[in-house]
Amino acid sequence: MKLFYSVPSPYARKARMVLIEARLEGQVETEAIDPWADPPGFRDNNPLGKVPTLVRDDGPTVFQSNAVCEYLNAVGSAHLYPDDGPSRWTALRQLALSDGILDASVTVRMELTFHEPDQISQKLVERQELSVARALDTLESEAEALGGPVTIGQIAVACALSYRDFRFTDVDWRSAQPKLTDWFAAFADRPSMTATKPTS
Ligand SMILES: N[C@@H](CCC(=O)N[C@@H](CS)C(=O)NCC(=O)O)C(=O)O
């Protein structure tokens, strides 16, 4: 199996972290690519041209971060998706909030990167930043739910917070989210976090 990722991608980071948490490092080859460069043949694996993309030895390619994470969790030795019950819905809620933060943040970044200053839609940027702020408030108010054994929810929250630090260096989220700040500081020491730190 081979996992294609890009070093700065927060979506691919979720998959890379699951790979490590599921102790699959010896079994899954990894290759860093720049999806925006459209490497020759890459779209034969994933017609959408995005990372993460997992090329399997025994079946169709898996892509989209949540599908890749679920696949790696299923074949590895981790239990990152709690069984039915409140803890499952908590983890999936944290995952959804975090994916929403990532989607909004990436939308803002693309708007700012691909447009000339006078072409930037402030309305779009403000709406996305409102979503980020409200999602962070929600995670803060539910910070107690981030305790316990590691889940896909915790991994996703950590990837989202780290992405804000990485790409939005001038936007302080810590002052308004003290519980999240403390939780993130402790979680950031996990080997799966330190091994997947984003760089440009
Ligand atoms: N919703 C997708 C998002 C994946 C995504 O947008 N990945 C980015 C890197 S952060 C990418 O490959 N972009 C290349 C492109 O959009 O062409 C997922 O969860 O996997």
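## Report on the predicted model

M110 counts as partly exposed, since its relative accessibility is 32%. Here buried means under 20% relative accessible area, exposed means over 50%, and partly exposed lies in between (1.4 Å probe, protein chains only). This is a predicted model, in which local features need pLDDT of at least 70 and side-chain atom pairs count only at pLDDT 80 or more, while totals for chains, interfaces and linings use all residues. Residues are numbered from 1 along each chain as its sequence is written, and side-chain values use heavy atoms, with hydrogens and water left out.

M110 sits in helix α4, residues 86–114. Helices (H or I, at least four residues) and strands (E, at least two) are DSSP runs, numbered from the N terminus. Together with W36 and F114, M110 makes a nonpolar surface patch of about 380 Å². Such patches take residues with over 30% relative accessible area and no salt bridge, joining nonpolar side chains (Val, Leu, Ile, Met, Phe, Trp, Tyr) within 5 Å and like charges within 9 Å. The areas come from the Shrake-Rupley method with a 1.4 Å probe, and for residues only the protein chains shown count as cover.

Now to the domains. The protein is divided into domain 1 (2–75) and domain 2 (86–192), with bounds from an automatic or database domain assignment. Their C-alpha centres lie 21 Å apart. Twelve residues from domain 1 and 19 residues from domain 2 take part in the contact, where contact means heavy atoms within 4.5 Å.

Next come the charged pairs. A salt bridge is a side-chain nitrogen of Lys or Arg within 4 Å of a carboxyl oxygen of Asp or Glu, and the count by this rule is eleven. K2 pairs with E31, their closest N and O atoms being 2.6 Å apart. That pair links strand β1 (residues 2–5), which holds K2, to strand β2 (residues 29–32), which holds E31, across 29 residues. K2 and E31 also join E29 in a network of salt bridges.

R93 and E142 form another salt bridge, again with closest N and O atoms 2.6 Å apart. R93 is in helix α4 and E142 in the loop between α5 (122–141) and α6 (152–167), 49 residues apart. For R164 and E129 the closest N and O atoms are 2.8 Å apart. R164 lies in helix α6 and E129 in helix α5, so this bridge ties together parts that are 35 residues apart in sequence.

| Residue | Relative accessible area | Class |
|---|---|---|
| E31 | 30% | partly exposed |
| R93 | 43% | partly exposed |
| E142 | 26% | partly exposed |
| R164 | 3% | buried |
| E129 | 22% | partly exposed |

R16, in helix α1 (residues 10–21), is buried yet has no salt bridge, and the nearest side chain of opposite charge, E25, is 9.1 Å away. For this, Lys and Arg count as positive and Asp and Glu as negative, while His and the chain ends are not counted. Leaving aside neighbours within four places in sequence, R16 is in contact with L3, Y5, S6, V7, A195 and T196.

Finally, the backbone. Most residues other than glycine have a negative phi, and most peptide bonds are trans. V51 and P52 are joined by a cis peptide bond with omega of about 5 degrees, and P52 is in the loop between α2 (42–45) and β3 (53–55). R23, not a glycine, has a positive phi of about 55 degrees; R23 lies in the loop between α1 and β2 and counts as exposed at 61% relative accessibility.
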